[in-house]
Amino acid sequence: MPRPLGELEDAVMTRVWKWNRPVTVREVLEDLQQERSIAYTTVMTVLDNLHQKGWVRREAEGRAYRYEAVSTRAAYSAALMNEAWARSDNPAAALVAFFGMMSSQQREALRDAMRIVQPEVPAEAPPEVAPEVPTEVPSGPGEAGDEPGR
């Protein structure tokens, strides 16, 4: 599971993901300088750290490098959500709370995503009814409920 990116790492990765092509330190620097005062060496260090952490790959170009994202922002976001959900002591309650925080547009996006992941589910599927759970479950062959010869 990836650790969440720091504030400056996220600012740098946002550009790498947005541009979706190999980028130079200079390009990232110039774009970041529109928002804040930052040094070339700081951006270079952040990109080197991101490379060491496996977020970007790099290729030498002369005396510099071009950096490219290893995965997408969507994959990063999904990994963070999965990690947060996995840490919950009550995953079902965490999902209910998460869904309750969603806007109507986010809920629609969730429905669209579910149709992609589970295409057999109709768009307006009725709520599923939980199957009956037997009160006594056989623990192995020859236990209650088993018929001989089966």
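This is a predicted model: local features need pLDDT of at least 70, side-chain atom pairs count only at pLDDT 80 or more; totals for chains, interfaces and linings use all residues.
Modeller: Local features need pLDDT of at least 70 and side-chain atom pairs pLDDT 80 or more, while totals for chains, interfaces and linings use all residues. Residues are numbered from 1 along each chain as its sequence is written, and side-chain values use heavy atoms, without hydrogens and water.

Biologist: Why is α1 called roughly perpendicular to α3?

Modeller: The axes of α1 (residues 7–19) and α3 (residues 40–52) cross at roughly 80° and come within 10 Å. Angles of 65 to 115 degrees count as roughly perpendicular, under 35 as roughly parallel, over 145 as roughly antiparallel and the rest as oblique; therefore α1 is roughly perpendicular to α3.

Biologist: What makes the contact between α1 and α3?

Modeller: L8, E9, V12, M13 and V16 of α1 meet T42, V46, L47 and L50 of α3, where contact means heavy atoms within 4.5 Å.

Biologist: How do you know that the side chains of E7 and R36 meet in a salt bridge?

Modeller: A salt bridge requires a side-chain nitrogen of Lys or Arg within 4 Å of a carboxyl oxygen of Asp or Glu. For E7 and R36 the N to O distance is 3.0 Å, so the pair qualifies as a salt bridge. E7 lies in helix α1 and R36 in the loop between α2 (25–32) and α3, so parts 29 residues apart in sequence are tied together.

Biologist: Why is E7 called exposed, and R36 partly exposed?

Modeller: Exposed means over 50% relative accessible area, buried under 20%, and partly exposed in between (1.4 Å probe, protein chains only). E7 has 56% and is therefore exposed, whereas R36 has 26% and is therefore partly exposed.

Terms used
Axes are lines fitted to C-alpha atoms, for helices over the stretch in contact, and angles run from 0 to 180 degrees between N-to-C directions. Helices (H or I, at least four residues) and strands (E, at least two) are DSSP runs, numbered from the N terminus.
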